[in-house]
Amino acid sequence: MAACVDKWHPMHPGRLSSAIYRFLPDCTTDRLVAAASAGAAASGSGGNCCVSGDDVWDELRAEAQADADAEPVLRKFYADLVLSRPSLEAALAEHLAAKLCVTGALPQDALRDLLAGALAAHPEAGCAARADLLAARDRDPACNSMVHCFLYYKGFLALQAHRAAHGLWSDGRAAAALLLQSRASEVFGVDIHPGACIGCGILFDHATGIVIGETAVIGNDVSILHGVTLGGTGKDSGDRHPKVGDGVLIGAGASVLGNVHIGTGAKIGAGAVVLRDVPEGTTAVGNPAKEIGKKAAPQRRPDEQPGVTMEQRWLDYVN
């Protein structure tokens, strides 16, 4: 994914100090770690970040086994998609291929091989997928287990299809990347250009109608609700889409348009139309969006950022 590692990319070393939840280099934990460890995992050794123990995959398999034991009708379903697979990446490739294939035109086996190859070539996508599973488990009160997110949550699945597509796009395989984008948009109702750069620990809650443009950048630990657009403002080419900082929360139906910057820990209210920069730690609502109240106090604990707490009320910030 090196094609978009610039100063706005969530994996750029200069931005890692603001990341909230990071994995250790073996991708096995969601506890807070030092920025130095995060930098090593993201900037230099990302290709080897998922080589040892895998707590997320182990927990997901245990949840799948418990469900299969409790509901015999699900045993084959869980076995085919989870329990018989050697890794999360293999399970993702199989599951997405079954969802995105087209009978007679796009065979499931060929699509599985395409997805598996993209994930193998970009191990950072698998690390990000694990962070996304933990984000859904920890932030979505309707998510009782990670295996339910993995199997049923179209926001999670659309995001993982994008991660594979982005890997292909970065490798110069635009036709294959656009194929995945098109199929994911048709199946999941989520349209993410494969050029968009998206960080780790992302939650697309409900997800229907999310649109993200080619040059958009989304940081780490961001939560986006349904009907959100991160788009352009016209026919301009080049860098024309929003840049969203770490820990941001974007409410349902909001539109952020143009090459504007949403600062770390900002909150965009439901239905807002954002046409200019939103400073760090502020709340913006309305059409056109305006900052309301006072700027939030500096966040001492990164897990208190809106993108993690999912707190959508704004009255606490009014003078």
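Helices (H or I, at least four residues) and strands (E, at least two) are DSSP runs, numbered from the N terminus. With that settled, here is the structure.

This is a predicted model, in which local features need pLDDT of at least 70 and side-chain atom pairs count only at pLDDT 80 or more, while totals for chains, interfaces and linings use all residues. Residues are numbered from 1 along each chain as its sequence is written, and side-chain values use heavy atoms, with hydrogens and water left out.

First, the overall picture. The protein has 10 helices and 15 strands. Buried means under 20% relative accessible area, exposed means over 50%, and partly exposed is in between, with a 1.4 Å probe and protein chains only. By that rule, 51% of the 319 residues count as buried. The accessible surface is about 13,400 Å², and carbon and sulfur atoms hold 53% of that; such areas come from the Shrake-Rupley method with a 1.4 Å probe, and for residues only the protein chains shown count as cover. Contact means heavy atoms within 4.5 Å. Of the contacts between residues at least 6 apart in sequence, 51% join residues at least 24 apart.

Next, the core. A nonpolar core is a set of buried Ala, Val, Leu, Ile, Met, Phe, Trp, Tyr and Cys residues joined through side-chain atoms within 4.5 Å. The largest one here has 80 residues, and V82, F150 and I212 have the most contacts inside it. Which helix gives the most to this core? That is α8, residues 154-170, with eight residues. As for I212, its contacts beyond four places in sequence include D191, H193, F204 and L230.

Now a helix residue, L111. L111 sits in helix α5, residues 108-121, and counts as buried because its relative accessibility is 2%. Beyond four places in sequence, L111 is in contact with A97, L100, C101, L106 and L180. The C-alpha atoms of L111 and E94 are 8.7 Å apart, and the two residues are 17 apart along the chain.

On to a sheet. Strands of a sheet pair through backbone hydrogen bonds, either parallel or antiparallel.

C200 itself is buried, because its relative accessibility is 6%.

Last, some loops. A207, in the loop between β3 (203-205) and β4 (211-212), has a phi near 80 degrees, which is positive although the residue is not glycine. A207 is buried, as its relative accessible area is 0%. D221, in the loop between β5 and β6 (223-225), also has a positive phi, near 60 degrees. D221 is buried too, at 2% relative accessible area. Finally, P288 lies in the loop between β14 (283-285) and β15 (290-291). The peptide bond joining N287 and P288 is cis, with omega about -5 degrees.
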